[in-house]
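The sequence and the model are shown first, and the description follows.

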Amino acid sequence: MPEIEKNLLDIQHLRIEATSYPPGEPPRDVVLVDDVSVSLKPGRVLGLIGESGAGKSTIGLSSMAYARGGARLAGGHIILNGRDIIHLTGGKLRSLRGKEVTYVAQSAAASFNPSKRLMDQVIETTLKNRLMPRPAAEKRARELFRKLGLPNPDSFGERYPHQVSGGQLQRAMTAMALCPKPDLVVFDEPTTALDVTTQIEVLAAIKEAIRDTGVAALYITHDLAVVAQVADDILVLRHGKKVEYGTTDQIINAPKQAYTQALVSVRSIDHEEKAEAPPVLSVAHVTARYNGTNFDVLKNVNVELPAGQTLAVVGESGSGKSTLARAITGLLPPTQGKITFAGRELSPALPGRKRDDLRELQMIYQMADTAMNPRQTVGQIIGRPIEFYFGLKGEAKRVRVQELLDQIEMGKGFADRYPAELSGGQKQRVCIARALAAKPKLIICDEVTSALDPLVADGILKLLLDLQRQENVAYLFITHDLATVRAIADRIAVMYRGQVVRYGSKTDVLTPPFDDYTDLLLSSVPEMRLGWPEEVLEHRKMESAGN
Amino acid sequence: MHPILKLVIQRVALGCLLLLAVSAVIFLGVEALPGDTAQAILGQSATPQALENLRQQMGLNEPALVRYFKWLGGVLTGDLGKSLTNGTDIATAIGQRLGNTLFLAVSAAVISVPLALILGLVAARYAGRWPDKLISGITLTTISLPEFVAAYFVIYLLTQVFPVFLPVSMVFPGMSLGAKLHAVALPVIVLVMVVLAHMMRMTRAAILNVMQSAYIETAELKGLTPMQVIWKHAFPNAIAPIVSVVVLNLAYLVVGVVVVEVVFSYNALGQYLVDHVTKRDLPVVQAVGLVFAAVYIGLNIIADVVSIVANPRLRHPK
Amino acid sequence: MKLTLSAGIGILLTAMFVLSAIFAPLIAPYPLDLTVGGVWDAPSAKNWLGTDTIGRDILSRLIYGGQITIFVALASSVIAFSLGSFFGFLAAVRGGWTDQILSRIVDLMMAIPSPIVALVLLSVLPLNLPVLILVIGVLDSTRVFRLARAVSMDIAVMDYVEAAKLRGEGQIWVIFREILPNALSPLVAEFGLRFIFAVLFISTLSFLGLGVQPPLADWGGMVKENKDGLIYGKSAALMPAAAIAALAISVNLVADWVLSRTTSLKGGRGA
Amino acid sequence: MQDEMKHLLMRTARGTFSRRGFIARCGALGISAALANTLIAQAVRAEGPKKGGLIRAGIAGGESTNSLDPALAASEVPFVTSETWGEMLVNVTPDGKVDMRLAEEVSSSADASEWTFRIRKGVEFHDGKTVTAEDVVATLKRHTDEKSQSGALGIVQGISEMSYEGDMVKLKLAGPNADLPFLMADYHLVIQPGGGVDNPAAGIGAGPYKLEVFEPGVRIGFTKNPNYFDDSIGHADQVEILVINDNTARTAALQSGQVHMMNRVDPKIAELLKGAPGVQVKSVAGRGHYVFIMHCDKAPFDNNDLRMALKLGIKRQEMVDKILGGLGSIGNDFPINAAYPLFDDTIPPREYDAAQAAEFYKKSGHDGSPILLRVAPGAFPGAVDAANLFAASAQAAGIPLQVKLEPDDGYWSNVWNVEPFCASYWGGRPVQDQMYSTAYLSTADWNDTKFKNATFDDLVLAARGELDEVKRKEEYSKVANILRDEGGLICPMFNDFVHGVRDEIGGWIDDPNQELMNGRGLVKTWLV
């Protein structure tokens with residue numbers, strides 16, 4: 001009779017704790033992972049999914065018997081290749097890491113040593129564990145480079161990390177993980193930091209590499225659509241606890257738990273684009289460059305934003321969408337063109353602008369943490385514009401602050417809290433309130449949802465839409481995420497290399513025929529369908545062959 | 001042209017510019033010191049006649065700027081003028097004493113720098129554990145001890161209790177290297193005590209700072225030993241800050257050791273300056289000041305150049 | 001961040017020094033200049049730390065000396081700080097020419113070694129406390145400037161500072177409300193280090209005869225007075241020396257603690 | 001007992017045990033002083049000087065600004081330096097007699113206004129030139145030159161006419177002076193070839209040692225002058241001066257054998273130093289005195305009542321005990337003590353009297369603003385402490401005296417003789433006249449109290465020419481009283497010269513004239 005295949009990894013009742021030192025409070029223990037059990041057979045891929053703080057990375061790393069800053073493996077068993085590694089130490093532990101299990105981090109850019117050549121880093125563990133002599137290791141590395149579709153793979157290893165792009169680094173990191181022929185690779189959000197168009201390629205490359213090498217993998221991500229492409233099974237986590245565990249097909253098509261269903265159905269908001277209206281903002285022939293440089297980051301940009309509506313500016317990093325925002329706010333005075341706001345022409349530079357211009361044109365940032373002074377309470381943060389623009393003080397101010405807090409659906413008692421005590425979503429809401437406090441005509445939203453978990457992001461988007469209805473405020477919405485665009489935009493401007501390549505009402509922009517870039521962009525948006533990336537890439541190959 | 005070369009050249013040029021500015025500041029600053037130079041030189045037995053003669057001879061009646069450029073010209077041609085108090089040629093006097101200063105500084109550096117780095121690495125390796133605490137404790141004490149206290153302590157210990165060294169550390173031309181080293185042993189010990197702590201602490205800090213980076217975690221997850229991680233991955237990226245602090249201390253060893261020189265009657269630049277400052281021997285003060293500034297700026301240039309070269313982004317541009 | 005043992009000790013000692021300095025007249029067993037014993041009497045019940053070169057009680061002189069030492073050090077580091085950090089912030093916020101000019105001036109000042117400058121200045125200026133404090137303070141402000149500038153540079157690029165600018169806030173607000181509160185902790189730590197530096201610097205100057213003048217006594221001066229006994233194992237000079245070291249160490253401990261707190265606030269990775 | 005005698009005798013002979021001490025010891029052992037003295041004499045002859053070796057002295061009182069020009073010598077190191085490479089017409093012996101050096105014979109006219117020196121024949125300078133009468137005259141002339149700023153200016157100014165013929169030097173004096181030979185022993189008056197006019201700082205003389213290295217403020221090295229005319233001195237092959245201004249370092253150097261002798265042992269540690277192995281403390285009752293000097297021409301010190309108040313406000317015995325550790329004697333506000341010939345010991349010593357001091361202070365009508373007494377540790381050993389004691393006792397008498405500490409370096413050029421009230425010391429001079437005329441005559445160019453008093457001047461001049469000892473003594477007594485009651489000098493104590501000498505050094509003699517055997521410590525001693 002055929003013997004049943006042994007499990008490669010068996011995690012039983014895993015419990016991970018950490019001690020946290022909240023400012024001004026006594027240190028306390030927090031449970032990061034609570035009674036999680038999961039197993040993985042050789043050559044299979046397990047997807048760990050959940051929002052930030054769900055403990056997915058923590059579990060992934062536990063398979064290397066590693067716990068980050070101050071966390072400790074507090075209970076349960078981690079059985080790898082038939083032995084419990086949870087209490088391994090010293091040499092035994094080190095020979096496990098980098099040999100049996102390897103790791104691909106979220107930000108390869110930060111995870112490569114800037115002062116060493118890629119090749120040396122890629123084959124470091126292979127050499128350290130004397131798996132093969134240097135020439136052989138380098139040969140294998142080059143093969144992996146080729147397999148992962150890196151440009152001129154033979155010389156690629158000679159470069160330094162800063163000399164290659166983010167997507168390439170991510171692949172190099174995958175090569176580094178695969179080089180010592182491990183039994184298990186832990187992928188920790190390997191594509192999250194990448195632009196969509198890059199993400200799809202890296203994703204496909206990783207998927208292929210896994211298939212060819214037959215290595216088992218833990219694939220950690222917050223994006224179901226992504227994990228759907230690679231994983232055989234999926235473990236859904238929340239607050240360090242198991243929510244649901246099943247095959248990819250079951251989780252995506254027949255989720256049992258409400259939370260899973262929410263995850264699956266995320267980004268289902270849609271909204272009717274509004275009718276024409278007089279423009280509150282019009283940008284005409286704006287060209288800009290950073291002083292000291294000699295090339296234009298904005299080239300002859302023309303867009304209009306009707307009052308009370310939303311203009312979504314879409315594009316990948318470096319497309320100049322944020323620069324456009326800086327130009328409008330006056331932080332980067334344009335070299336040519338003019339910006340008209342609420343009927344009057346704005347002076348290009350910030351100092352020249354009237355207080356009302358400043359008041360009616362507010363901004364919300366991507367990183368809510370860095371957008372709020374950590375030493376000020378929510379009350380002070382929201383209160384300042386009220387006092388500054390409307391001269392309200394004391395009680396009047398307090399009342400207005402509370403109004404705003406209610407508007408952003410945050411109850412009593414928040415006014416006295418410090419940003420550090422808020423969740424990511426709450427922080428972003430406070431930032432919105434701060435913008436609203438100025439009673440603006442236009443709010444520039446710079447990637448306001450991209451740092452947030454999908455569900456939270458949805459909440460924020462809903463809030464923004466409600467506020468637009470109530471206050472008739474217009475949004476200039478900068479994002480790289482087309483789903484978000486669908487959710488809220490009335491108009492869309494697609495930017496590429498400092499130019500607006502496609503501009504118009506949402507329906508016009510999103511209906512074919514597309515220009516090449518928009519096509520590329522739209523087709524790269526992850527979809528749940530299995531085998532989607534291959535199709536797309538295949539399609540693209542044919543097209544380029546066609547031309 | 002390779003960007004590094006460009007940067008380096010820029011940096012050096014900037015340094016020279018700075019030095020020029022400093023020379024002006026020193027010259028005019030010293031000129032502006034209160035007190036009548038002539039009076040100070042001739043002291044008690046100064047007859048008005050003698051005073052006037054001296055003023056003439058020193059050209060104190062010319063405008064300051066003219067005198068500055070004359071002086072600068074002299075400096076550039078290696079002529080620092082003559083000491084007003086005993087008419088000896090300043091260049092030669094400084095030459096010898098600068099030699100002594102450097103000799104002391106180098107002897108101290110040769111011991112302290114490697115020691116500091118090693119201790120720093122060890123402390124970083126065992127951060128928060130007893131070796132770290134021990135090293136930090138000791139260095140903290142030495143850093144908190146005024147030099148002269150340390151000096152007298154070693155004098156008492158090593159010339160009286162255990163008479164192995166000499167309390168007076170003068171060195172002369174024609175002394176054998178061995179003899180010189182034996183002579184300066186005590187000041188070297190004191191200086192090592194003083195600079196070691198600072199360098200070691202900064203090394204430790206720099207390493208620990210780098211240890212925060214993600215690529216250190218990568219290295220740990222590669223299963224490298226802690227020392228491998230520090231040596232292969234942390235240290236190369238901590239070089240720049242370490243070098244800058246090392247250089248800072250080297251500079252200190254050259255320009256900051258007046259006290260030690262006084263206590264051990266070591267005949268080097270510091271004492272030379274002190275003697276002449278009080279005599280308002282302006283040419284000497286200006287010359288020595290310039291030499292010190294030059295050393296200081298030079299070392300800082302070296303530090304910058306090293307950190308430029310140590311930066312892979314600059315070394316291997318895209 | 002919890003208070004570590006070493007930090008506790010540091011704070012305790014520092015407090016002790018400061019208090020004994022403040023209440024010197026109350027606790028000192030004898031007046032500053034009264035001769036109460038022979039030359040270099042050994043410590044005894046009458047003179048806990050023995051007597052000095054002309055038979056004055058060392059403990060009393062230590063306590064009064066602490067007054068001067070701490071006062072001068074404190075005053076000069078306060079000056080160094082107000083000067084250094086204000087201009088540092090200004091340079092960071094204003095940027096451009098302001099930054100260029102200020103930074104170059106500081107480069108210039110730092111290019112001339114401060115011990116030398118102090119030596120030259122103090123040997124020609126009238127030697128009194130204000131001059132002493134001013135000289136040390138100004139010389140020391142350059143380092144503070146560099147730190148303050150660096151720290152606030154990091155903060156100045158934060159979005160909340162940009163937000164304030166977009167709101168139309170003035171520079172004063174930006175400096176004092178947005179930047180200062182966030183730059184405080186590293187600066188506080190630096191203040192500790194500057195203070196120690198000042199203590200050591202003053203002691204050294206007094207030792208060279210350029211520091212605090214009699215009848216006032218500071219610790220450095222006391223070491224100088226009594227050093228001749230050292231090589232005969234007379235402990236008199238060690239007492240003030242120990243005092244200097246102890247003060248420096250304790251403040252150092254506190255500074256280290258504050259520093260570690262600030263770095264842990266800055267976060268890095270980890271739970 | 002026999003052994004002890006032998007031992008002591010040997011050490012006495014070598015000069016490492018004081019003559020006085022030995023005689024005292026003998027007394028204790030019942031041996032008459034006379035016998036003791038002869039014993040010593042025999043022993044010394046038996047012992048005899050040893051030739052060769054290198055003698056090092058660690059000397060305080062030198063800066064890197066020192067010059068080799070003997071005319072400019074003003075502090076200890078330059079003094080000893082020129083005494084080592086240079087030679088004068090005459091020296092003064094420890095017992096106050098004239099010691100013939102380059103001059104082999106001195107004679108004077110009946111009224112002591114004309115003096116003749118015969119120059120020793122065949123003496124050579126280090127550069128091989130022979131010492132001639134011409135050189136002598138040239139030297140003296142150089143010191144009369146205003147621009148030379150010579151410390152001996154005051155002395156040579158008294159000479160109206162210099163001439164020479166053959167090996168005879170003739171000096172005509174402006175006024176009679178019985179002490180002229182002593183004046184010629186002044187350490188500035190080193191005879192230099194051609195008077196050293198063209199190169200005063202060449203360091204070429206006729207002394208027992210040739211200058212080898214001169215590193216001002218660091219060390220001065222000499223080698224024996226083979227052609228020196230007197231082989232009874234100059235025993236070591238090499239001698240070296242190490243300039244060590246820091247007391248602690250100097251003492252440590254002596255104890256660790258780095259130097260063989262040192263000057264200025266801090267009285268506080270003299271006792272401790274005696275305990276140290278291999279080291280002798282040599283304390284010589286000299287003419288040196290530690291003083292506080294007021295400028296009689298500057299307010300508030302131009303008021304004699306205030307000066308008197310301060311003089312009465314100082315505790316002299318306490319000073320001697322605390323500052324000199326008993327190694328000295330109290331002073332009486334004039335620069336003369338029993339070590340000088342013709343000293344009047346009947347003048348009553350001035351006692352501390354708070355009441356009287358307060359009275360004088362009130363009388364002076366001073367506004368009560370602080371009176372600044374400037375002092376540097378290097379003014380004299382224990383100067384700062386002395387000043388503090390002074391301040392304490394003066395304040396007790398209601399005088400607002402305050403101490404101001406000055407840095408050691410440059411004290412002698414920036415404070416002394418510049419500030420109106422500061423601490424200082426005088427090495428003393430071989431004879432009273434020279435002491436007075438160097439520092440207290442209105443015309444004296446080292447007049448650091450700016451004391452100008454016609455009667456005083458006349459008396460000093462009269463005494464100078466007076467050959468009748470009795471009359472002369474009376475005149476000096478008057479002089480002393482004037483200075484004591486009107487002068488700007490506060491002289492609380494006469495210090496002994498306290499030296500540290502290692503046991504290896506032989507031939508040490510207590511010389512009251514100046515520190516370090518009148519500056520010839522390196523020349524007259526030998527290594528045992």
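## Contact between chains B and C

In this predicted model, chain B and chain C meet in a contact that takes 36 residues from chain B and 31 residues from chain C. On the side of chain B that touches chain C, at least two residues each come from α1 (3-31), α6 (130-144), α7 (147-161), α11 (258-263), α12 (269-278) and α13 (282-310) of chain B. The element that gives the most to this side is α7(B), with seven residues.

By class, the side of chain B that touches chain C consists of 27 nonpolar residues, eight polar residues and one charged residue.

## Chain B as a whole

The secondary structure of chain B comprises 14 helices and zero strands. Read from the N terminus on, the elements of chain B run α-α-α-α-α-α-α-α-α-α-α-α-α-α. Taken along the principal axes, the C-alpha atoms of chain B fill a box of roughly 85 × 60 × 35 Å.

## A helix pair in chain B

Two packed helices are described by the angle between their axes and the distance between the axes. In chain B, helix α8 (residues 177-210) and helix α10 (residues 226-255) have axes that come within 8 Å and cross at roughly 150°. Angles over 145 degrees count as roughly antiparallel, and α8(B) and α10(B) are therefore roughly antiparallel to each other. The crossing in which α8(B) passes α10(B) is right-handed.

The residues that α8(B) brings to this contact are B:Leu191, B:Val195, B:His198, B:Met199, B:Met202, B:Thr203, B:Ala206, B:Ile207 and B:Val210. They meet residues of α10(B), including B:Ile230, B:Phe235, B:Pro241, B:Val245, B:Asn249 and B:Tyr252. The residues of the contact of α8(B) with α10(B) comprise 17 nonpolar, four polar and no charged.

## Contact between chains C and A

Chain C also has a contact with chain A, to which chain C gives 16 residues and chain A gives 23 residues. On the side of chain C that touches chain A, the elements giving two or more residues are α7 (159-167) and α8 (171-207) of chain C. Of the elements on this side, α7(C) gives the most, with six residues. The side of chain C that touches chain A has seven nonpolar, three polar and six charged residues.

## The domains of chain A

The domain assignment of chain A gives domain 1 (9-264) and domain 2 (279-511). The centres of these domains of chain A, taken over C-alpha atoms, are separated by 36 Å. Their contact takes nine residues from domain 1 of chain A and seven residues from domain 2 of chain A.

On the side of domain 1 of chain A that touches domain 2 of chain A, two or more residues come from each of α9 (196-213) and α12 (258-264) of chain A. The residues of that side of domain 1 divide into four nonpolar, three polar and two charged.

## A sheet in chain A

Chain A contains an open sheet formed by four strands in the order β2-β1-β4-β5, with antiparallel pairing. Its edge strands are β2 (28-40) and β5 (83-84) of chain A, and each pairs on one side only.

Within chain A, strand β1 (residues 9-20) runs antiparallel to strand β4 (residues 71-80), and eight bridges join the two strands. A:Ala18 stands opposite A:Ala71 in β4(A).

Conventions. Residues are numbered from 1 along each chain as its sequence is written. Chains are lettered from A and ligands numbered from 1 in the order in which they are written. This is a predicted model: local features need pLDDT of at least 70, side-chain atom pairs count only at pLDDT 80 or more; totals for chains, interfaces and linings use all residues. Axes are lines fitted to C-alpha atoms, for helices over the stretch in contact, and angles run from 0 to 180 degrees between N-to-C directions. Angles under 35 degrees count as roughly parallel, over 145 as roughly antiparallel, 65 to 115 as roughly perpendicular and the rest as oblique. A crossing is left-handed if the near helix is turned anticlockwise from the far one by less than a right angle, and right-handed if clockwise. Two residues are in contact if their C-beta atoms, placed from the backbone, lie within 7 Å. Ala, Val, Leu, Ile, Met, Phe, Trp, Tyr, Cys and Pro count as nonpolar, Asp, Glu, Lys and Arg as charged, and the others, Gly among them, as polar. Domain bounds come from an automatic or database domain assignment. Two strands pair if DSSP finds at least two bridges between them.
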